[in-house]
Amino acid sequence: MPAVSFQEVAKTYSGARGQVRALDGVSFDIEPGEFFGLLGPNGAGKTTLISILAGLARASAGRVTVMGHDVVADYAAARRALGIVPQELVFDPFFNVREALRIQSGYFGVRHNDDWIDELLAGLGLADKANANMRQLSGGMKRRVLVAQALVHKPPVIVLDEPTAGVDVELRQTLWQFIARFNKQGHTVLLTTHYLEEAEALCGRIAMLKQGRMVALDRTANLLADAKGSVLRFKTDDTLPPDLAARARVTGRIAQVATKDAAGVEAVLTRLREAGVRIEDLEIGRADLEDVFLAIMQGAAR
Ligand SMILES: Nc1ncnc2c1ncn2[C@@H]1O[C@H](COP(=O)(O)OP(=O)(O)O)[C@@H](O)[C@H]1O
Ligand SMILES: [Mg+2]
């Protein structure tokens, strides 16, 4: 039995400006114990898929199960099997951290949970904030409380929707150590993130969504192996010719261009010389997950 199963899931939102097809027949399974990554640009449908999983939104078509429980027909059991860290910082301002965690335990019918709550607080660096009011906490601290809330009932499946967006490096490390430990103990993890180096490091398997459709699903190692080419990285103050600019990844002065093979590398260098682009600090490296992601997104139909 898969930990999570999405079967032909579709979702259409109707609003003032007509209909938005947020998901268009998405199917995949996540096996127990997997660390699974769901990637895609903004608006691809990741949060919609997670909302349907969590029972916060209704699919227009298709079926979703968590540990065998249908998220609609068997909502309570499905929800109990899930720990969800939402993309938005939502919290009740009237409670302190320990109270918020006790209330969440009560919601799932877990009593006498203070030992586990203490462990969560310690593991997430929140021990000295147990009695602090939620509204006194910084954004990063609130994020930690949301993670603790998601784990308070030790759910078999943990879902994190961009948990590290706008989060400092220290919290990212604490969080990943913590989640990785859960995963080693057998908990299934579903993660969405814009930090592709995180996905590359953590996820055994990855699905990519674009405009509500799946455009890739494979083991991370296979996705990287398929990207056999090399990537040219260099610095420049000049403008790249349009044909290169269209396929380059540019961050400030640094440009990266993916190529298939040695002949491709030569072609790019020739093109730069022809266009009179002066380059510094040239390196040739292997493609990483971000290169793979960009290639798949550019290559995907539509
Ligand atoms: N509540 C909503 N009402 C109308 N459209 C929505 C709603 N939520 C999301 N959408 C639309 O659905 C698409 C997918 O959004 P979302 O699932 O948030 O994507 P992602 O999380 O991948 O950025 C987008 O076009 C978005 O504008
Ligand atoms: Mg989202």
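How many nonpolar, polar and charged residues does the shell around ligand 1 have? By class there are 4 nonpolar, 7 polar and 1 charged, where Ala, Val, Leu, Ile, Met, Phe, Trp, Tyr, Cys and Pro count as nonpolar, Asp, Glu, Lys and Arg as charged, and the others, Gly among them, as polar.

A word on the model before we look around. This is a predicted model, in which local features need pLDDT of at least 70 and side-chain atom pairs count only at pLDDT 80 or more, while totals for chains, interfaces and linings use all residues. Residues are numbered from 1 along each chain as its sequence is written, and chains are lettered from A and ligands numbered from 1 in the order in which they are written.

The residues around ligand 1 (C-beta atom, placed from the backbone, within 6 Å of it) include Tyr13, Val20, Asn42, Lys46 and Thr47.

The largest share, 3 residues, comes from α1.

Now to the sheet: 4 strands form an open, antiparallel sheet in the order β2-β1-β4-β5, two strands being paired if DSSP finds at least two bridges between them. β2 and β5 (69-70) stand at the edges with a single partner strand each, so one side of each has no neighbour in the sheet. Strand β4 (residues 61-66) is joined to β5 by 2 bridges, and valine 66 stands opposite histidine 69 in β5.
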